[in-house]
Amino acid sequence: MKEITVTELAALDHPAVVDVREQSEYDTVHAEGVRLIPLGELVQRVDEVPRTGPVYVVCHLGGRSAQATSFLAAQGIDAINVVGGMDAWQRAGLPVSGKA
């Protein structure tokens, strides 16, 4: 499985990021510009995942995003897991939106 750190992701110019957490988690804190598709809805909403380049998949700690990355890769999508998820993103001091 392909992986990327939060600092590597933050250095990219306009990456396509899919957040697979639940709506309530996303509402609390999220990285700007991400697309929310909860893991439980991913199979039904897979057509919403960008296919024009790599897609970076994030969750809270990395477990759900690893599952989603494996599923997306099996669909022929260049999916990359964000190691440490939003927890690592916040610990790195990267910008967030939400009610945190």
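Analyst: A polar contact here is a pair of N or O atoms within 3.5 Å; within protein, one atom must be able to donate a hydrogen and the other to accept it, and residues adjacent in sequence count only if both atoms are side-chain atoms. The model is predicted, so local features need pLDDT of at least 70 and side-chain atom pairs pLDDT 80 or more, while totals for chains, interfaces and linings use all residues. Residues are numbered from 1 along each chain as its sequence is written, and side-chain values use heavy atoms, with hydrogens and water left out.

User: What makes the side chains of R21 and D19 a polar contact?

Analyst: Their distance is 2.7 Å, which falls within the 3.5 Å limit. The side chain of R21 also reaches the backbone oxygen of E25, at 3.3 Å, and this value too lies within the limit.

User: Why is R21 called buried, and where does this residue lie?

Analyst: R21 has 2% relative accessibility, and buried means under 20% (exposed is over 50%, partly exposed in between; 1.4 Å probe, protein chains only), so R21 counts as buried. R21 lies in the loop between β2 (16–19) and α2 (23–28), where helices (H or I, at least four residues) and strands (E, at least two) are DSSP runs numbered from the N terminus. Leaving aside neighbours within four places in sequence, R21 is in contact (heavy atoms within 4.5 Å) with residues including Y26, H30, P38, V58, H60 and M86.

User: How do you know that β2 pairs with both β4 and β3?

Analyst: Pairing requires at least two DSSP bridges between two strands. β2 and β4 have four, in the parallel sense, with A16 opposite V55 and D19 bridged to V58. β2 and β3 (residues 35–36) have two, also parallel, and V18 has R35 as its bridge partner.

User: Why are β1 and β3 called edge strands of the sheet?

Analyst: The open sheet has five strands in the order β1-β5-β4-β2-β3, with parallel pairing. β1 (3–4) and β3 each have a single partner strand, so one side of each is left without a neighbour in the sheet.

User: What makes the largest nonpolar core a core, and which residues have the most contacts inside it?

Analyst: A nonpolar core is a set of buried Ala, Val, Leu, Ile, Met, Phe, Trp, Tyr and Cys residues joined through side-chain atoms within 4.5 Å. The largest has 17 residues, and L9, Y56, V82 and W89 have the most contacts inside it. Elements giving two or more residues are α1 (6–10), β4 (55–58), β5 (79–82) and α5 (85–91), with α5 providing the largest share, three residues. A second, separate core of 13 residues includes V46, V55, V57 and A68.
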